[in-house]
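Okay, thanks everyone, let me put my structure up on the screen. I'll go from the overall fold to the ligands and then to the core.

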Amino acid sequence: MTKDYELTTCGLSCDLCDSNTTKLQDSAKYLYKMFEDPMFQGLILMFNPEFKKENFTGFKETLEILRNYPPCPGCQNRTDCVINQCAKERNVTTCGECEFLDLKAGICKSVPKQPKSPMMPPAPVFFQILSKRYKNWNVENFNALKKGERDKVNSKIEKMIKEGKSSRDLIDFSVNLFEARK
Ligand code: SF4
Ligand code: SF4
């Protein structure tokens, strides 16, 4: 019997999200320490002569950004997310409960309104980008919940956690919010 994993407003899972843990920051901290060690640097240069000594500086600068990257406070506390704002306005807990979500087509049919933050696309557009990026896994989850198949959703999340996977393993990397905004 699996536990009930909570879905985020857009239908994903905080339990599988790398940003909701300190995995990213911890990995960066660990690697930063390794790259400070001249012996480890020597090993890298031995195995990969293409890697120039000056590349260590740039790489360490990137790791510095990553290790200080603020962890996400979790979907429930992300007041800056346009989907969360939209769901609040419509008085629904998730998009799956919203009258504007066409579950069959997997799209939000609400008329897009320009959000306050110019950095973010309107909620229906963001929902579409996320659905594409996560290969419609969020829509699949909402459809399963509608059919009363909560166990199916829980089992998939639990299986992925056991296998050490995260939602990053579900991503279509060709779908990029920054590219879409250009
Ligand atoms: S995109 Fe928004 S709704 Fe989806 S998980 Fe992140 S904060 Fe939650
Ligand atoms: S209007 Fe669209 S984005 Fe907003 S809560 Fe409903 S389904 Fe989600």
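So, the chain has eight helices and two strands. Keep in mind that this is a predicted model. Reading from the N terminus, you get α-α-α-α-β-β-α-α-α-α. The C-alpha atoms sit in a box of roughly 60 × 45 × 25 Å along the principal axes. There are 182 residues, and 20% of them are buried. If you take contacts between residues at least 6 apart in sequence, 68% of those join residues at least 24 apart.

Now the ligands. Around ligand 1 we have Thr8, Thr9, Cys10, Leu12, Cys75, Arg78, Cys81, Ile83, Asn84 and Leu130. By class, that shell is six nonpolar, three polar and one charged.

Ligand 2 has 14 residues around it, and the ones that come nearest are Cys86, Cys95, Cys98, Cys108 and Ser110. Helix H4, 82-89, and helix H5, 123-133, each give at least two residues to the shell around ligand 2.

Okay, on to the core. What touches the most other members in the largest nonpolar core? Out of its 19 residues, it's Cys10, Val82, Ile83, Cys95, Ala123, Phe126 and Phe127. H4, H5 and helix H6, which is 137-146, each supply at least two residues of this core. In soluble globular proteins, nonpolar side chains do tend to be buried together.

Last one: look at Phe127. Leaving out residues up to four places away in sequence, Phe127 touches Cys10, Ile83, Cys95 and Cys108. Cys95 and Cys108 are also among the residues that come nearest to ligand 2, while Cys10 and Ile83 are among those around ligand 1.

Technical notes
Residues numbered from 1 in each chain as written. Chains lettered and ligands numbered in written order. Predicted model: local features only at pLDDT ≥ 70, side-chain atom pairs only at ≥ 80, totals over all residues. Near = placed C-beta within 6 Å. Helix = DSSP H or I, 4+ residues; strand = E, 2+ residues; numbered from the N terminus. Core = buried A, V, L, I, M, F, W, Y, C linked by C-beta atoms within 7 Å. Buried ≥ 20, exposed ≤ 12 C-beta atoms within 10 Å, placed from the backbone. Contact = placed C-beta atoms within 7 Å. Nonpolar A, V, L, I, M, F, W, Y, C, P; charged D, E, K, R; others polar.
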